[in-house]
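Open the model in your viewer and switch to a cartoon view. This tour goes from one selection to the next.

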Amino acid sequence: SMERWVGKVAVITGASSGIGATIAEQLVEKGLKVAGLARRKDRLDELANKLAGKKGKFYPVVTDVSKEEDILRAFAWTKENLGPVHILINNAGIAGRGNVHDGDTKLWTSIFDLNVLGLCIATREAIKDMKANSVDGHIIHINSIAGHRVVLGGSVYPASKFAVTALAETLRLELNSLKSKIKITSISPGLIDTEIIPQQFKTENLYKEGKIIGPEEIADGVIYALSTPLMYRSKNSP
Ligand code: NDP
């Protein structure tokens, strides 16, 4: 059930469009306070207006998640104004087309700074806050099918998402070794109808073949993951 999250704080990176905005919408409807991090202020404000009057509330926090100082500022603002973080959705991500054998350093840097390092920094800050407040929180990475299988022409995007797969597994081991009850979930969508699609694919055929679903399906998956029971340590475990 989502009951235990009502009134609690969720941070969502990349909340200004697509999957992140849809997750934000559903969490606000369920009664959470959602800090939405992204660069486009107009889009964040638009979402805040759309969600005004719902059970929870959406708070725009203009943030470049590829910059450490921005992420630190966003977490400081959230803690001060909304309270301890209970949920982090690492959703912000960019893709790119090109090759590894002759590709562009600038594109590679921007993909890794956001998809990998931004995710690491946000995760570290969230866990720090959860531990300081004894919160058994939940961190969800929006990974990708490209985190398990590479595609030709996807530049370093699949490598960045393979890193997300590894990071989810590493974090789980770390938290387990600390006997922490913080949960890590990694969700790997296939093709979702959002603004990222033209960055990554030649779209015509995909739309024609109907190989695409809406961001609501992923938001439903997030709600399901958050609804699963808290972890506990069995009395029977050694
Ligand atoms: P969108 O392009 O619609 O959303 C991307 C979000 O990331 C936007 O809110 C954007 O906000 C934000 N973002 C981009 N760069 C930055 C930055 N530097 N700092 C802060 N926020 C940033 O695409 P999706 O909703 O599809 O993408 C969301 C996630 O889902 C990504 O991680 C993507 O890899 C993953 N995914 C998507 C799939 C798909 O088919 N659509 C398939 C598998 C995974 P702003 O520009 O305002 O900063």
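At what angle do helix H3 and helix H4 pack, and how far apart are their axes? Select residues 68-81 for H3 and residues 105-132 for H4. This is a predicted model. The two helices pack at about 30°, with axes 10 Å apart. Angles under 35 degrees count as roughly parallel, so H3 and H4 are roughly parallel to each other. The crossing of H3 past H4 is right-handed.

Now show side chains at this contact. From H3, pick Glu68, Ile71, Leu72, Phe75 and Lys79. They meet Gly118, Ile121, Ala122, Glu125 and Asp129 in H4. By class, the contact has five nonpolar, four charged and one polar residue.

Next, the sheet. Colour its strands in the order S3-S2-S1-S4-S5-S6. These six strands form an open sheet with parallel pairing. S3 (57-62) and S6 (183-187) are the edge strands; each has a single partner, so one side of each lacks a neighbour in the sheet. Look along the sheet for the twist, which averages 20° from one strand to the next.

Zoom in on S1 (residues 9-13) and S4 (residues 85-90). They pair in the parallel sense over four bridges. Find Val9: Val85 in S4 stands opposite.

Select H2, residues 41-51, which touches S2 (33-38) and S3. The direction of H2 makes about 170° with that of S3. Then select H5, residues 157-177, which touches S5 (138-142) and S6. The direction of H5 makes about 165° with that of S6.

Technical notes:
Residues are numbered from 1 along each chain as its sequence is written. This is a predicted model: local features need pLDDT of at least 70, side-chain atom pairs count only at pLDDT 80 or more; totals for chains, interfaces and linings use all residues. Axes are lines fitted to C-alpha atoms, for helices over the stretch in contact, and angles run from 0 to 180 degrees between N-to-C directions. Angles under 35 degrees count as roughly parallel, over 145 as roughly antiparallel, 65 to 115 as roughly perpendicular and the rest as oblique. A crossing is left-handed if the near helix is turned anticlockwise from the far one by less than a right angle, and right-handed if clockwise. Two residues are in contact if their C-beta atoms, placed from the backbone, lie within 7 Å. Ala, Val, Leu, Ile, Met, Phe, Trp, Tyr, Cys and Pro count as nonpolar, Asp, Glu, Lys and Arg as charged, and the others, Gly among them, as polar. Two strands pair if DSSP finds at least two bridges between them.
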